[in-house]
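Here is a friendly walk through one protein model. Keep the viewer open as you read.

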Amino acid sequence: MGLQPLEFSDCYLDSPWFRERIRAHEAELERTNKFIKELIKDGKNLIAATKSLSAAQRKFAHSLRDFKFEFIGDAETDDERCIDASLREFSNFLKNLEEQREIMALSVTETLIKPLEKFRKEQLGAVKEEKKKFDKETEKNYSLIDKHLNLSAKKKDSHLQEADIQVEQNRQHFYELSLEYVCKLQEIQERKKFEFVEPMLSFFQGMFTFYHQGHELAKDFNHYKMELQINIQNTRNRFEGTRSEVEELMNKIRQNPRDHKRASQFTAEGYLYVQEKRPAPFGSSWVKHYCMYRKAAKKFNIIPFEHRSGGKLGDGEVFFLKECTKRHTDSIDRRFCFDVEAADRPGVSLTMQAFSEEERKQWLEALGGKEAVFHSFNRAIIPRPEGSAQLDKMGFTILRKCISAVETRGINDQGLYRVVGVSSKVQRLLSMLMDVKTCNELDLENSIDWEVKTITSALKQYLRSLPAPLMTYELHGDFIVPVKSGSPESRVNAIHFLVHKLPEKNKEMLDILVKHLTNVSNHSKQNLMTVANLGVVFGPTLMRPQEETVAAIMDLKFQNIVVEILIENHEKIFRTRPDDTFLESVSLSTTPPNAPPRQSKRQGQRTKRPVAVYNLCLELEDGDSPHPAKEDTPTSSLDSLSSPSPTTATVHGPPGTDKNHLLADGDWGSTAPSQTRSSMVQWLNPQSPPTPSCTPAGTPPSPKSSPCPFSLPATVADKPPESMSSRKARAVYPCEAEHSSELSFEIGAIFEDVQTSREPGWLEGTLNGKRGLIPQNYVKLL
């Protein structure tokens with residue numbers, strides 16, 4: 001049973017039961033008032049907690065944005081660049097989410113707190129005021145009645161009549177006030193149902209809007225998340241391969257450290273204790289120095305260094321050696337000592353102490369001292385021992401026989417080439433394959449004696465046993481350089497060019513193998529061997545540096561990428577000749593490409609962006625003269641290895657250079673790889689007079705830039721942009737708008753309704769509900 005209605009007629013009776021019903025209504029309103037008061041308090045606490053959470057999230061996002069991964073070596077893979085940029089993407093995602101949370105927090109104040117406070121103040125507060133008046137009038141009315149009834153009947157009639165009139169007037173006033181109060185009580189009981197619930201509905205609407213916005217952000221983020229998962233998996237796979245190579249090198253050095261010393265520019269280098277003489281009676285002290293000696297110049301550098309106390313580096317000294325003499329223990333109370341006399345400091349002699357007798361002999365040999373033994377201090381590059389595997393007719397037979405067996409029996413086997421066979425069986429099969437008699441008798445396609453994993457392991461072992469890697473020591477560095485930077489298209493062109501510089505037998509065998517690996521990757525749904533997985537397996541098999549160092553092993557991931565490019569572009573690389581103008585599609589530098597110049601006079605001239613100079617191996621900075629090359633800065637492209645470059649590049653060289661002559665068809669077989677590379681580098685980084693900077697071909701140069709001495713052929717460079725219907729595009733470089741008609745965006749931003757613009761080199765698109773201009777070479781169409 002709810003509250004009983006208050007009848008207006010009961011106001012005149014004012015019965016005890018009427019008063020009970022009024023008190024029940026008043027108690028309910030008081031309970032409602034307390035509830036709303038607590039709810040407002042909780043709502044304000046919710047807003048404060050939301051703001052605290054938002055501040056914490058923003059701080060977390062700020063920390064993510066400011067951190068940057070450092071990498072070992074001189075470049076990163078595309079996957080590593082995407083992983084490096086992922087923290088900024090996460091930061092932007094949180095930032096966008098917190099912007100929506102701020103909107104929700106503001107809506108809580110406007111849609112819930114303020115309406116409830118208004119209802120409590122204007123409605124419940126008004127009822128409280130009415131109650132005070134009603135209680136006051138009740139007291140006054142019944143007090144007056146009590147007083148009136150106590151009047152003596154002996155009073156004058158006029159006095160009694162006046163008293164009667166006064167009481168009646170007071171009672172009428174009380175009845176009117178009672179009627180209004182009863183009306184107000186019942187009105188507020190009904191009003192609270194919508195005055196209270198409606199703000200709650202708005203609050204939940206705002207909250208659900210926030211969650212919906214989060215859902216929309218998550219949907220937008222999903223595409224990036226899928227790509228990032230692939231980047232992470234590729235990087236993890238390459239890490240596993242690199243780690244095994246590093247551990248193998250570590251074990252080799254552990255077993256024989258002297259045979260694995262790095263080649264150095266110094267004839268001798270290492271730690272020696274140098275005697276520092278002091279005035280009597282203080283005697284002398286021995287201080288550890290790192291010493292470096294060049295025999296050709298007889299130049300000796302010594303630098304004091306203390307490993308303790310945090311590795312303190314002192315001021316070094318340089319002198320020129322005159323002679324070196326071994327010290328015997330009868331002349332000094334220390335072992336392993338020798339004296340060094342400086343040619344440029346007459347009368348000055350330093351006494352030095354090696355760590356052992358063997359090291360002293362090495363120093364004496366390097367310094368030309370007495371009792372020198374002929375033991376090279378620095379290790380020369382140790383060639384790999386030649387095995388019985390050769391790149392000959394037998395080698396091609398082994399390759400074809402193994403490939404035929406794999407494609408016949410095991411093309412769909414999971415983990416093909418990644419699952420290794422038993423070592424003893426692999427060696428036995430390889431020995432039989434290398435023997436002419438037993439090789440001809442082997443039927444690997446139909447024999448059940450040899451497992452597929454044994455055959456694949458034997459094939460890999462044969463390739464590793466070659467005296468030199470299939471892609472040669474000479475071209476190893478040349479293959480690595482283009483995949484460390486540049487656009488995907490320029491990488492393919494560079495690898496295409498270099499493959500055709502391989503010796504004919506190497507190229508023929510590589511063609512057979514890569515064709516087979518392409519077939520394997522086409523069955524990746526069954527065998528799980530994607531192009532990336534095959535790159536991990538065959539990167540270190542087909543390519544090896546001549547000297548084993550940790551720095552060389554850090555390039556293993558780039559070897560994998562080279563193999564991926566070979567597999568993905570097998571038909572182009574091995575079935576077509578390289579374009580002798582391939583330098584025209586060379587790589588991008590680390591700076592984003594130039595935004596095209598704006599044509600509209602009313603919008604004014606766009607300020608000049610950093611000029612991106614395009615080349616194969618080097619980056620020339622914008623200016624009046626050439627600058628040293630930078631090979632250690634990666635690009636930030638998010639494209640796949642085989643996707644076409646969104647930017648048309650222009651190549652420039654010194655005046656008078658004939659780029660067609662540099663790579664003429666007749667030079668393919670006669671030019672040595674090192675000569676080819678040096679000619680490319682020399683042309684791209686000339687020592688001739690300054691070359692003016694270029695704008696992308698096909699776009700009008702800005703007032704600050706000069707025309708290019710060389711441009712792309714008209715069929716490429718001057719081709720007008722194709723008209724397109726409405727499409728989507730993804731940003732591959734970040735851009736900050738320099739005009740209200742342009743859009744600002746980060747890497748990975750997705751543009752809707754992208755169309756060509758009247759502005760040459762620009763597109764029109766929509767981002768986050770705003771439509772504006774986008775530099776065409778900053779995005780990739782989806």
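## A pair in helix 4

Glu 248 has a relative accessibility of 39% and therefore counts as partly exposed; that class lies between buried, under 20% relative accessible area, and exposed, over 50% (1.4 Å probe, protein chains only). Helices (H or I, at least four residues) and strands (E, at least two) are DSSP runs numbered from the N terminus.

## How to read the model

This is a predicted model, in which local features need pLDDT of at least 70 and side-chain atom pairs count only at pLDDT 80 or more, while totals for chains, interfaces and linings use all residues. Residues are numbered from 1 along each chain as its sequence is written, and side-chain values use heavy atoms, with hydrogens and water left out.

Side chains of opposite charge can pair when their charged atoms come close. Between Arg 31 and Glu 28, the closest N and O atoms are 3.1 Å apart; both residues belong to helix 2 (residues 16-66), three residues apart, about one turn of the helix. Arg 31 is exposed because its relative accessible area is 56%, whereas Glu 28, at 18%, counts as buried.

For the salt bridge of Lys 192 with Glu 28, the closest N and O atoms are 2.8 Å apart. This pair links distant parts of the chain, with Lys 192 in helix 4 (residues 157-255) and Glu 28 in helix 2, 164 residues apart. Both Lys 192 and Glu 28 are buried. Across the whole structure, a search finds 35 salt bridges.

## Gln 123 and its neighbours

Gln 123 lies in helix 3 (residues 78-149) and, at 14% relative accessibility, counts as buried. Leaving aside residues up to four places away in sequence, Gln 123 touches Lys 118, Lys 184, Ile 188 and Arg 191; contact here means heavy atoms within 4.5 Å. The side chains of Gln 123 and Arg 191 are also joined by a polar contact of 3.4 Å. Such a contact is a pair of N or O atoms within 3.5 Å; within protein, one must be able to donate a hydrogen and the other to accept it, and residues adjacent in sequence count only if both atoms are side-chain atoms.

## An enclosed helix and the whole protein

Helix 10 (residues 476-483) is largely enclosed by the rest of the structure, because seven of its eight residues are buried. Among them are Phe 479, Ile 480 and Val 481.

The protein has 19 helices and 12 strands, and buried residues make up 45% of its 782 residues. Of the contacts between residues at least 6 apart in sequence, 69% join residues at least 24 apart.

The mean pLDDT (the predictor's confidence in each residue, from 0 to 100) is 77 for the protein, and 77% of its residues reach 70 or more. Confidence is highest in helix 12 (residues 504-522), at a mean of 95, and lowest in helix 18 (residues 659-662), at 34. Over residues 372-387 pLDDT stays under 50, and the model has 34 contacts beyond four places in sequence for them.

Technical notes:
Salt bridge = Lys/Arg side-chain N within 4 Å of Asp/Glu carboxyl O.
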